[in-house]
Amino acid sequence: MMELTPMLDLHSRKPLYVQLYSFIKQEIETGKLPPYSKLPSKRKLSRHLQVSQNTIEAAYEQLVAEGYIEGISRKGYFVCKIEQSFRNLKESVIYIKEKSYKNNFAFDFTQTGVDYYSFPFTVFRKISNDILRDENKDLLRIGHPQGEYDLREAIALYLYKSRGVRASPSQIIIGSGTPTLIRLLFRLVKGSLYAVEDPGYHRRLVTFEKGNANVRLIALDDDGIMISKLEDSDADIAFVTPSHQFPCGMIMSISRRKQLLNWAQKKDGRYIVEDDYDSEFRYSGKPIPALQSLDSQEKVIYMGTFSKALLPSLRISYMVLPQPLIENFHKNHFSFVQSVSRLDQEIIKRFMQEGYWEKHINKMRVVYRKKRDGLIAAISTYFPDSVEVIGLNSGLHFLMQPNNGMSEQELIESAAKYSIKVYPVSEYGQNNNQTVLLGFAVLSEKEIHTAIQLLAKAWMG
């Protein structure tokens with residue numbers, strides 16, 4: 001039996017028994033107290049340290065509870081055998097420097113943000129306060145797997161009025177972002193071959209989830225996805241962004257939409273996933289109805305989101321399923337736990353029902369049109385003869401090709417020297433190009449003008 005000599009601090013806020021417990025625990029973990037060693041009796045250690053037996057007993061009881069020592073009747077307390085890997089756990093932990101999420105650029109042409117100064121904070125605060133004051137206990141429970149019916153009803157009404165989409169609330173499923181809903185969709189159309197636009201927004205996610213062997217990359221022309229290439233692919237499911245192709249920006253013509261629907265109708269099990277992510281913002285020409293509104297054979301899966309028009313951090317998206325797929329969901333996946341909080345759903349429901357959503361959309365069309373026009377004007381001023389702009393008739397971004405001989409990476413690095421962040425197109429499949437992506441929702445009109453002036457210095461000298 002050995003003596004224990006911890007340095008107990010009588011003036012510390014930490015209780016004496018905790019100090020003693022920590023000391024013995026460390027001695028065991030570092031191997032200084034080997035397995036099966038007998039500890040001093042409570043009475044002997046009490047006299048040695050000049051503390052009460054209650055202090056010793058409390059420390060020993062905690063060590064017994066955690067499995068560091070064991071008490072044997074009439075024999076005393078003994079050190080347990082602790083596995084080496086557990087004993088050295090603290091030493092084996094690897095601390096990895098976390099990647100910074102902070103944006104240090106003065107001007108960020110991101111395509112994922114919104115105009116933060118236009119967000120209706122006052123309205124959101126009022127609705128949130130009203131909801132929380134109501135003491136609605138239902139909000140504390142897990143809700144319907146498809147999302148709250150009243151919100152789905154509001155979405156269905158809005159989609160019919162704004163996009164011609166024909167859907168009952170029972171066909172709509174709400175989820176925390178488009179990727180979440182796409183992963184659910186994969187379970188409903190299991191075993192399919194998937195076609196994605198190349199370049200395109202869905203290429204990375206679909207390939208990551210389903211593997212290269214199950215994904216077909218379909219080239220684009222000026223009207224969008226090429227039907228002849230799609231026909232040759234043997235794909236069953238086609239992902240498209242017809243209202244504003246991402247990232248190239250073209251709007252799928254009505255004739256191409258009808259060709260795409262004809263492709264889907266030729267074979268059972270074929271579906272089109274229409275991601276209508278920023279259809280609210282169109283700046284020229286007559287509105288083109290959603291693909292789903294032209295579908296008479298239930299071949300289109302319509303997807304939309306509140307991220308682009310309201311705020312990205314809300315993470316509320318929705319999809320409208322054809323009858324066979326919603327029946328599949330009800331039969332096989334109704335245990336799906338809704339991924340959006342009922343509180344957020346209630347806020348958005350009230351926001352839509354009380355007319356704030358349409359007012360906000362109308363306001364943001366004006367705001368974003370002014371920003372887009374200001375960006376085009378600045379480009380015309382500072383790049384008068386040496387730039388091509390692609391996809392500027394809709395959405396919250398377009399592509400810019402300076403035609404100065406720089407590669408995509410050189411354009412990005414040169415812009416960064418002036419504290420400007422522009423985005424690569426190659427991430428979405430288009431390689432070896434001299435084009436970058438510019439989003440204009442976040443920056444103010446003044447910032448846009450200044451940033452383009454600096455880009456001219458970065459890229460044109």
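Predicted model: local features only at pLDDT ≥ 70, side-chain atom pairs only at ≥ 80, totals over all residues.
**A friendly note on the sheet, the rings and the cysteines**

1. The pairing between strand β9 (residues 271-275) and strand β10 (residues 300-305) is parallel, and four bridges join the two.

2. Stepping back to the sheet as a whole, eight strands make it up, and the sheet is open. Going across, the order reads β4-β11-β10-β9-β8-β5-β6-β7, with mixed pairing. Which strands stand at the edges? They are β4 (172-175) and β7 (224-225); each has a single partner strand, so one side of each is left without a neighbour in the sheet.

3. Helix α11 (residues 254-265) packs on this sheet. The strands touched by α11 are β6 (215-221), β7, β8 (237-240), β9 and β10. The direction of the helix makes about 145° with that of β9.

4. Now for the aromatic rings. A search of the whole structure turns up 19 aromatic pairs. Take Phe186 and Tyr194: their ring centres are 5.1 Å apart and their planes stand at 75°, so this pair is edge-to-face. The cut-off for that label is an angle over 60 degrees. Phe186 has 5% relative accessibility and therefore counts as buried; Tyr194, at 1%, counts as buried too.

5. Another edge-to-face pair is formed by Phe329 and Phe334, with 6.1 Å from centre to centre and 75° between the planes.

6. Two lysines deserve a look alongside the rings. Lys210 lies over the face of Phe186, at 5.1 Å from the ring centre, and Phe186 is the residue that also pairs with Tyr194. The charged end of Lys299 sits over the ring of Tyr271, 5.7 Å from the centre of that ring. Tyr271 falls in strand β9, which spans residues 271-275.

7. Finally, the cysteines. How many disulfides does the structure hold? The count is zero. As a reminder, a disulfide is a covalent bond between the sulfur atoms of two cysteines. Cys80 is buried, with a relative accessible area of 17%. Cys248 also counts as buried, at 10% relative accessibility.

Technical notes: Residues numbered from 1 in each chain as written. Heavy atoms only, no water. Phe/Tyr/Trp six-rings, centres within 6.5 Å; stacked < 30°, edge-to-face > 60°. Buried < 20%, exposed > 50% of the residue type's maximum accessible area, 1.4 Å probe, protein only. Lys NZ or Arg CZ within 6 Å of the ring centre and 35° of its normal. Disulfide = S-S within 2.5 Å. Pairing = 2+ DSSP bridges. Contact = heavy atoms within 4.5 Å. Axes fitted to C-alpha atoms, helices over the stretch in contact; angles between N-to-C directions.
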